[in-house]
Amino acid sequence: MKEFIPRLIAWELTGSCNLKCVHCRASAVSERDPNELTTEEIKNTIDNIASFASPILILTGGEPLIRDDVYEISKYATDKGFRVVLGTNATLITSEVARKLLDAGIKRISVSIDASTPEAHDEFRGIPGAFKESLKGAKAAQAEGLAFQVNTTVTKRNFEDLQAIHDLAVEIGAVAHHIFLLVPTGRGEDLKSEEISPEEYEGVLNWMYDMQKKMMANGKPPSGHSHGHGSGMFMKATCAPHFFRVMDQRSKEEGIDLEMEKAGFNAMTGGCLGGTGFSFISSTGNVYPCGYLPAKAGNVREKSFKEIWENSELFLDLRNPGKLKGKCGRCKYKVTCGGCRARAYAKHGDYLEAEPYCVYKPTAWKE
């Protein structure tokens with residue numbers, strides 16, 4: 001039987017944030033929750049995770065830099081052998097903060113940019129000047145030798161701006177560009193009108209395929225150390241497992257033998273990683289398959305992370321493609337794609353139901 005080990009863990013250090021982004025997964029607030037995990041509780045859970053895995057640890061929020069123990073936590077996890085990265089809006093990053101992050105073992109930061117113009121970005125982020133401050137923070141990090149990637153959440157208001165946002169990411173020296181397809185949870189529930197259609201979604205995934213192909217044609221494998229010249233930048237589709245189906249269809253149509261490793265796809269094989277290679281820990285210790293799927297697997301104050309990871313019924317369900325329902329259950333891509341379980345949950349209240357944002361119709365499926 002396949003062994004499931006957590007390769008990526010996103011840890012929401014705090015639900016508090018200095019911005020008010022309209023699409024926020026966490027519905028972040030300005031005040032910190034008094035029930036947040038303490039430094040000691042976090043270290044104990046890191047010890048437990050280190051007993052059986054050595055994942056990439058994404059320290060996120062809210063805005064993780066609001067916690068003054070973020071450096072201590074990062075150093076502790078780094079010393080345990082984790083590769084630690086930071087998800088931030090970068091508005092709080094100065095040269096001094098960047099140096100402290102490097103000293104604490106942070107290998108990379110991600111900076112969210114959701115428009116190619118300051119006006120559109122600031123409207124999305126809810127605070128005037130956010131665009132300028134985020135770019136300033138990214139440049140401060142870069143100047144100190146701390147690599148950054150750009151994250152973009154795709155909505156109706158920016159999906160036609162994606163190429164311009166990508167060009168901006170290249171221009172400012174990002175080492176990667178991660179494209180997040182909106183999942184309507186948290187504050188994003190109010191954004192259902194912002195969701196692009198399944199057809200537009202398919203268009204975004206085909207655009208990403210074309211960008212990756214261009215990168216491969218240029219002979220620039222996305223090592224993660226590129227400084228964003230040309231199309232050598234690594235791109236990743238997040239919350240879009242059907243990218244694997246698009247890749248398979250397009251490469252077969254074009255007679256291309258996709259070298260998965262060269263394309264950088266080895267880092268994200270297997271479609272939705274929720275509960276199979278990825279997990280999310282909330283600021284109060286709740287464990288979820290991902291930050292967008294609000295079905296709880298357990299809490300680290302009640303059980304160890306290892307016990308939750310290995311024995312939770314929710315995670316065991318997600319590791320069994322045979323349990324998928326609707327057209328996902330009849331689809332030949334159910335192992336390599338599997339659909340977004342968070343979107344299925346948001347639409348049907350059942351994380352095993354069919355992914356609602358996929359246009360593909362399996363031959364074995366009748367509506």
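Author: E310 and K306 are separated by about one helical turn, because they lie 4 residues apart in helix α9 (residues 305-311). Helices here are DSSP runs of H or I, at least four residues, and are numbered from the N terminus. This is a predicted model, in which local features need pLDDT of at least 70 and side-chain atom pairs count only at pLDDT 80 or more, while totals for chains, interfaces and linings use all residues. Residues are numbered from 1 along each chain as its sequence is written, and side-chain values use heavy atoms, with hydrogens and water left out.

E310 and K306 form a salt bridge, their closest N and O atoms being 3.2 Å apart. The term means a side-chain nitrogen of Lys or Arg within 4 Å of a carboxyl oxygen of Asp or Glu. E310 is partly exposed, at 35% relative accessible area. K306 is partly exposed too, at 27%. The classes use a 1.4 Å probe and protein chains only: buried is under 20%, exposed is over 50%, and partly exposed is in between.

Searching the whole structure gives 20 salt bridges. Another one joins D79 and K75, at 2.9 Å from N to O. These two are 4 residues apart in helix α2 (residues 70-79), so about one helical turn separates them. D79 is exposed, with a relative accessible area of 55%. K75 is partly exposed, at 38%.

R99 and E144 also meet through their side chains, 3.1 Å from N to O. This pair links distant parts of the chain, 45 residues apart. R99 sits in helix α3 (residues 95-103), and E144 in the loop between α5 and β5 (147-154). R99 is partly exposed, at 40% relative accessible area. E144 is partly exposed at 27%.

R250 belongs to helix α8 (residues 243-253). R250 has a relative accessible area of 15%, so it counts as buried. Its side chain makes a polar contact with the side chain of D210, at 2.6 Å. Such a contact is a pair of N or O atoms within 3.5 Å; within protein, one must be able to donate a hydrogen and the other to accept it, and residues adjacent in sequence count only if both atoms are side-chain atoms. Beyond neighbours within four places in sequence, R250 is in contact (heavy atoms within 4.5 Å) with N206, Y209, D210 and K213.

Side chains of opposite charge can pair when their charged atoms come close.
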